[in-house]
Amino acid sequence: KTALVSGGTRGIGAATALELAGLGAEVLVVGRDPQAVEALVARAPRLPGAAVRGVVADVSRPEGRAAALERAREAWGRLDVLVNNAGTNLRRTTLEYTPDEWRGLLATNLESAFELTRGAHPLLLAAGGGAIVNVGSVAGSRAVLTGAPYALTKAALEQLTRYLAVEWAPQAIRVNAVLPWYTRTPLAAPVLADAARLERILARTPLGRVAEPEEVARAIAFLALPAASFVTGACLPVDGGFLAQGLV
């Protein structure tokens, strides 16, 4: 199988790229930092038939998305798996965001996924169908004080997942999403370093800890694998029970 992972050099994206490569896939990792891309490629497992390539591109911009898709086209002429993981956040109250800040979050978190998905469609068809996995968040379903732009982009990714699952099912393209809660990534590090915030997070997490990136990556890999061949339109919480918990 062939897979493209956006935002693939850190956190959940890096863990996903390594997980897929470890299962024998050929993976194209997309990231903005040349050194980070190079380092991730160097970490990849060396298995027969598996390979990890890198492309330096900013998928929040049209030219970055075009470069990533062209690299996949040149390498394989098809695509079996697309993982829309690129994302970022600025934690502000709603009135504090400048127009450039919230539009930048929309471009990185939502526009990148929408346009990469549309651009990848011919490559998925060339593979005879495939799997798309969007990396959402529980913030798309609950108010978790991460900032309104981040939350609305993740809610939109959930609905995009459901909509495309129905629209593209006749073409054998499955579309699913994972919804992580706090995970030990560079993006979450400032929050997890705050002892008071961490205590509140753990109190709302039935499993009593934050996730490791590899735990989210395994859920993404499952949704991408033939083992999930009858799963589409699913938004799978990977949240230690956060969404299930009520008043306790």
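Guide: Two strands pair if DSSP finds at least two bridges between them. Strands (E, at least two residues) and helices (H or I, at least four) are DSSP runs, numbered from the N terminus. This is a predicted model: local features need pLDDT of at least 70, side-chain atom pairs count only at pLDDT 80 or more, and totals for chains, interfaces and linings use all residues. Residues are numbered from 1 along each chain as its sequence is written, and side-chain values use heavy atoms, without hydrogens and water.

Visitor: Over how many bridges do strand E1 and strand E2 pair?

Guide: E1 covers residues 2-6 and E2 covers residues 26-31. Thr2 stands opposite Glu26 in E2. The two strands pair in the parallel sense, and the bridges number five.

Visitor: Which are the edge strands?

Guide: The open sheet has seven strands with parallel pairing, in the order E3-E2-E1-E4-E5-E6-E7. An edge strand here pairs on one side only. That gives strand E3 (51-56) and strand E7 (235-238).

Visitor: Which residue forms a stacked aromatic pair with Trp181?

Guide: Rings of Phe, Tyr and Trp (its six-membered ring) pair if their centres lie within 6.5 Å; planes under 30 degrees apart count as stacked, over 60 as edge-to-face and the rest as tilted. Trp181 and Tyr182 are edge-to-face, at 4.9 Å and 65°. The stacked pair has 3.9 Å centre to centre and 15° between the planes. The partner is Phe242.

Visitor: How many residues apart in sequence are the parts that Trp181 and Phe242 tie together?

Guide: Trp181 lies in the loop between E6 and helix H6 (189-192). Phe242 lies in the segment after E7, so the pair ties together parts whose separation in sequence is 61 residues.
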